[in-house]
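Subject: Structure handover and notes

Hi,

Here is the structure I promised to pass on to you. Please have a look at it first, and then read on for what turned up in it.

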Number of protein chains: 4
Amino acid sequence: MQIGVVGLGRMGGNIVRRLTRAGHDCVVYDANPAPGAALAKEGATAAQSLAAVVKALTPPRTVWVMLPAGKITEDTIAELAGMMQPGDVVIDGGNTNFKDDVRRGKELASKGIKYLDVGTSGGVWGLARGYCLMIGGDTEVVNRLDPIFSALAPGLGSIERTEGREQLDARAERGYIHAGPVGAGHFVKMIHNGIEYGMMQAFAEGFDIMRNRASEKLPADERFDLNLADIAEVWRRGSVVTSWLLDLTASALAKDAKLEQFSGHVEDSGEGRWTIEAAIEEAVPADVLAASLFVRFRSRQQHTFAEKVLSAMRLGFGGHVEAPKK
Amino acid sequence: MQIGVVGLGRMGGNIVRRLTRAGHDCVVYDANPAPGAALAKEGATAAQSLAAVVKALTPPRTVWVMLPAGKITEDTIAELAGMMQPGDVVIDGGNTNFKDDVRRGKELASKGIKYLDVGTSGGVWGLARGYCLMIGGDTEVVNRLDPIFSALAPGLGSIERTEGREQLDARAERGYIHAGPVGAGHFVKMIHNGIEYGMMQAFAEGFDIMRNRASEKLPADERFDLNLADIAEVWRRGSVVTSWLLDLTASALAKDAKLEQFSGHVEDSGEGRWTIEAAIEEAVPADVLAASLFVRFRSRQQHTFAEKVLSAMRLGFGGHVEAPKK
Amino acid sequence: MQIGVVGLGRMGGNIVRRLTRAGHDCVVYDANPAPGAALAKEGATAAQSLAAVVKALTPPRTVWVMLPAGKITEDTIAELAGMMQPGDVVIDGGNTNFKDDVRRGKELASKGIKYLDVGTSGGVWGLARGYCLMIGGDTEVVNRLDPIFSALAPGLGSIERTEGREQLDARAERGYIHAGPVGAGHFVKMIHNGIEYGMMQAFAEGFDIMRNRASEKLPADERFDLNLADIAEVWRRGSVVTSWLLDLTASALAKDAKLEQFSGHVEDSGEGRWTIEAAIEEAVPADVLAASLFVRFRSRQQHTFAEKVLSAMRLGFGGHVEAPKK
Amino acid sequence: MQIGVVGLGRMGGNIVRRLTRAGHDCVVYDANPAPGAALAKEGATAAQSLAAVVKALTPPRTVWVMLPAGKITEDTIAELAGMMQPGDVVIDGGNTNFKDDVRRGKELASKGIKYLDVGTSGGVWGLARGYCLMIGGDTEVVNRLDPIFSALAPGLGSIERTEGREQLDARAERGYIHAGPVGAGHFVKMIHNGIEYGMMQAFAEGFDIMRNRASEKLPADERFDLNLADIAEVWRRGSVVTSWLLDLTASALAKDAKLEQFSGHVEDSGEGRWTIEAAIEEAVPADVLAASLFVRFRSRQQHTFAEKVLSAMRLGFGGHVEAPKK
């Protein structure tokens, strides 16, 4: 199929590569001309502007926007919509808040333009492994673009099939789903990332407790100097915590068991935050997902004002003078 | 090698099967004679008492005790130790608290008897997949018994190898490690289970938020009736949360997306609790692992006294009368 | 001063009483005529409609709206604004989200109407103790209405003065503050409620741990059957946790140490939720405030779907069949 | 009454002062002779050794030990017990773990010596306000020593009485209780401190969210530069969060609203940790109390290993390179 792809960063570029290799015809554009030029050598058609992308496509057009969530995605889609015509499709493959999708979907629908939100997981590994896709939007459009999604998704691969799925939607096994109406795709992707935060934090705390078991403050016979790289590796085989995140941890620890290249400063992205907001809207307890987010907030500060308030109270009621932070 | 195995429940029985199939000579015993008789048909030698196990083995003997942690393990090991001689080895393969290992190891050492603690992961899948083993004790003994551990462990299998491990201990890749002195094996297994709790809770919260997204209290266009079975399945391919726990969740949801057979009552075992105690001893923050444990405590109550205290205060300061629990 | 008060529920009615007793001239209205009639006997002027309130007041008018946050407050203020003129003042004394204040303040400003948001704490005790007021809006308006705020606030009372406040704003000591521009009043009140949730939960957990210390599962000599009413009372004198919330707890426990009249179902209001959203916007860790909110969410369910997901996994990896919920 | 007091630090010295002023006869000792000499000028009798304390008292003796929990308390009580006789009483007024009390009580009982554990709250304010006492031990001994406890406790003071307590134990209103058998006193004090941690953290988070509301990253009209000193002060009058901890916070903020003298490093003591262990033993959820403890653990580190593990995973799956910690 013919498809436009706007935004050729790591994710966008590899999406084009995977589509091109599957025989699809990609018209690509990025504000920076270099990645488009590179992709042109791999079979894509490089356009020099958004307008050129729209012009190069035969209606009904499909344009996949793969840009950072926020103003740039918003502006790009608005500009595209201004040039497109009824029946055309805009796909937002970025990490947009599902509420923005719902609003935007309604705006485009008023012009007859279709909108799909596609939560896209795969990161730096997507080109090789394929992208796990969570799609929101009208059924008719999702079905029409099936060749695109099918090409991007990982497929059955060598992963063992889940018993009892014979009667269920086969697309899920091949790595993509139609999650529901506009917004549902990014909603599911958002929860995926929220879970990811929690799983990461579970591993992080466990390894922290193991690393600190060598502390000289502990009784000598309850003190262990554990080999974290070997532990991560052994858990990859036959344990309950077997997971891709563990594979990555094992790989990092095999290179440097002290992880000395890392400062401990950890960023968070919108999805982790929005997951908690969704939980609150629904009155669903989300202790672990919230705690995982707060750890990241804390990691980026030298100290918090909260901690100073604690010390001020301790001085007040007990005369406790805190030792300086080392 | 020749080995005694005491305790022939699901775990113990399958350990015997896996060892027997690998050519080891197992002398087995359980207070209930049925499983021993069954294993005798598969090549093991069934003994009728602990004493008979000890008698049947040629020194230096090795006896693997696979019983529930606590009094029965404690008593069995004490009774064995009374019949064994210097150079013999007792293995505790159960879920013992590492501090009990440390104490017990010293007691046995005073009689010249060796003690190994072997954290054993694998559950109902261990016979087929192999057991992930985390071993604590003297190097000499661990090395001597390598054929046993090697036979029980999963081996390299089809799992992709971790880059950079060429120079590291090859046993980890084959699914077993010598974690350190007595206690270290169960310590690492304990942390494994603590992490397991956190990962499970991360998934549980995420699926709960998705399930409640269909609530009629939400605005109609932000409400989604999501197919949880398909979502679990699609995440198995190319997503960041790919894991064995996700495989199991996908399998359960494929059978019944509402999980109606489950009451919501969730047990916890010692390891989850001891993990938090270890974190506290080391002054390591463990927000996610603790929260995961507390969710299980809460799940087993109709309501808590804490919640009644909240309502009493609310009545006191605001005249709020709480609606009855539905 | 002359002031209109709209909404004569428990809070609104007592605000009118406290103002009337201080010599202010209140024109009051409620959709239900009964409370207005009652207040008329205590010196207020009962109006029969919003329009009648506006008509009865001499410009520049002040109308205090004391209604549940949400649509009814929104609609009432819109209706009032349609009848008021430049220089008039609308006060929202309810529990409105500060972002709604910001929006509404701008809307009214475009018509020359002033808007104040007044976070009002005091509950059923406000008539006697006075109301703690947190005010957002223009300095000129806040200053002009000082007699109103001063009359509602508790005043210095018998509370010991804080050393070092001699040079600081004396209004705070008398129980009201001008917190900042429109929105700041409700923001501060929101945080007050967030903190309240956390303090309540701290007490609730502590009393729960004490109550469960009588459990027969504990070793006999580490088991205590504690008198919670006496404990709450003793802490009121000389302990660090002395507080009004403790006073209320002591009072409730003195009446019924088992709190049997309470179901354990605990409501939450918007402020607790918005506090977490504000923390997330600012990337400030709020572990305790979030956990306090989640406990309330959990208290209103028989079980969560999350817990069923945990059980499904446990069945999957370990063959664990959970006991039914008692 | 005659009483020995061992350990004359801030707490012990002021206990002697309060007892002496009430007419009790104190024989005092500390390894450092200075505080004893000072107290001798205020009416106490200074002894030069533990043996001298025992010798100076008429049987049945009472010795109050007021030393840091741990080895020094353990050793001192053992030494005293070696010199005392049946019917004598040892009081541990420090912050001992209640399980140590239980063990120690049994050891002393085997020699006919009585043991009381007295949880003592009051800090630097106890001399003036009186000490809140939570007493564990035999009823006969607690009753015999009532004049001591009564003198130390705050008494009714000016605090409003709790309705409905007329028929209940009057000692609670006067600031001391007999909580139960040996261990119960320190257990209740432990929970008091656990709750204290939670309340402090609730305030700390609330003030942190308010302080960060001035951040330039927020939209201009949702950004507030709040006066934290005034807010703490206003909440002291008529709000729900009125408490001694708030008084102390208001006092600290009145002196320096930025709390610049504090590093943010916050210590924790045993009681906060043991509270969580008690909760875990009882299977009681304690989310807020645990989170409060973990914040303090975190405050004393530049970064955690856990955070580095998170960054390592993020690099692995997404190629995310974290910015350095500022």
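Buried area, a term used below, is the accessible area (1.4 Å probe) that two parts lose on being put together, summed over both. Please keep in mind that this is a predicted model, where local features need pLDDT of at least 70 and side-chain atom pairs count only at pLDDT 80 or more, while totals for chains, interfaces and linings use all residues. Residues are numbered from 1 along each chain as its sequence is written, chains are lettered from A and ligands numbered from 1 in the order in which they are written, and side-chain values use heavy atoms, with hydrogens and water left out.

**Chains B and D**

Let me begin with this pair. Between chain B and chain D about 1,600 Å² is buried, and carbon and sulfur atoms give 75% of that area. In chain B, the residues that lose the most area to chain D are Ile280(B), Pro285(B) and Phe294(B), together 38% of what that side buries. Counting contacts (heavy atoms within 4.5 Å), 21 residues of chain B meet 21 residues of chain D.

How many salt bridges are there between chain B and chain D? The count is 0, where a salt bridge is a side-chain nitrogen of Lys or Arg within 4 Å of a carboxyl oxygen of Asp or Glu. The interface of chain B and chain D does have 2 residue pairs in polar contact, both residues at pLDDT 80 or more. A polar contact is a pair of N or O atoms within 3.5 Å; within protein, one must be able to donate a hydrogen and the other to accept it, and residues adjacent in sequence count only if both atoms are side-chain atoms.

On the side of chain B that touches chain D, helix 13 and helix 14 (287–299) each supply at least two residues. The largest share, 7 residues, comes from helix 14 of chain B. Helices (H or I, at least four residues) and strands (E, at least two) are DSSP runs, numbered from the N terminus. By class, that side of chain B has 14 nonpolar, 1 polar and 6 charged residues. Here Ala, Val, Leu, Ile, Met, Phe, Trp, Tyr, Cys and Pro count as nonpolar, Asp, Glu, Lys and Arg as charged, and the others, Gly among them, as polar.

How do the two copies of helix 13 pack? Helix 13 (residues 270–282) of chain B and helix 13 (residues 270–282) of chain D have axes 11 Å apart, at an angle of about 175 degrees. Axes are lines fitted to C-alpha atoms, for helices over the stretch in contact, and angles run from 0 to 180 degrees between N-to-C directions. The two helices are therefore roughly antiparallel to each other (angles over 145 degrees count as roughly antiparallel, under 35 as roughly parallel, 65 to 115 as roughly perpendicular and the rest as oblique). Among the residues making this contact are Arg273(B), Ile276(B) and Glu277(B) from chain B, and Arg273(D), Ile276(D) and Glu277(D) from chain D.

**Chains C and D**

Next, the pair of chain D and chain C. Here 89 residues of chain D are in contact with 89 residues of chain C, and the two chains bury about 7,500 Å² between them, 68% of it on carbon and sulfur atoms. In chain D, Ile209(D), Arg237(D) and Val240(D) lose the most area to chain C, together 11% of what that side buries.

There are 12 salt bridges between chain D and chain C. Arg165(C) forms a salt bridge with Glu233(D), with the closest N and O atoms 3.9 Å apart. Helix 10 (residues 184–211) of chain D gives the largest share of the side of chain D that touches chain C, 17 residues.

**Within the chains**

Over all chains, 104 salt bridges are found. In chain B, Arg104(B) and Glu74(B) meet in a salt bridge at 2.7 Å, N to O. Arg104(B) lies in helix 5 (residues 98–109) and Glu74(B) in helix 4 (residues 71–83), so the pair ties together parts that are 30 residues apart in sequence.

Finally, the peptide bond from Pro59(B) to Pro60(B) is cis, with omega near -10 degrees. Pro60(B) is in the loop between helix 3 (50–56) and strand 4 (62–65) of chain B.

Best wishes
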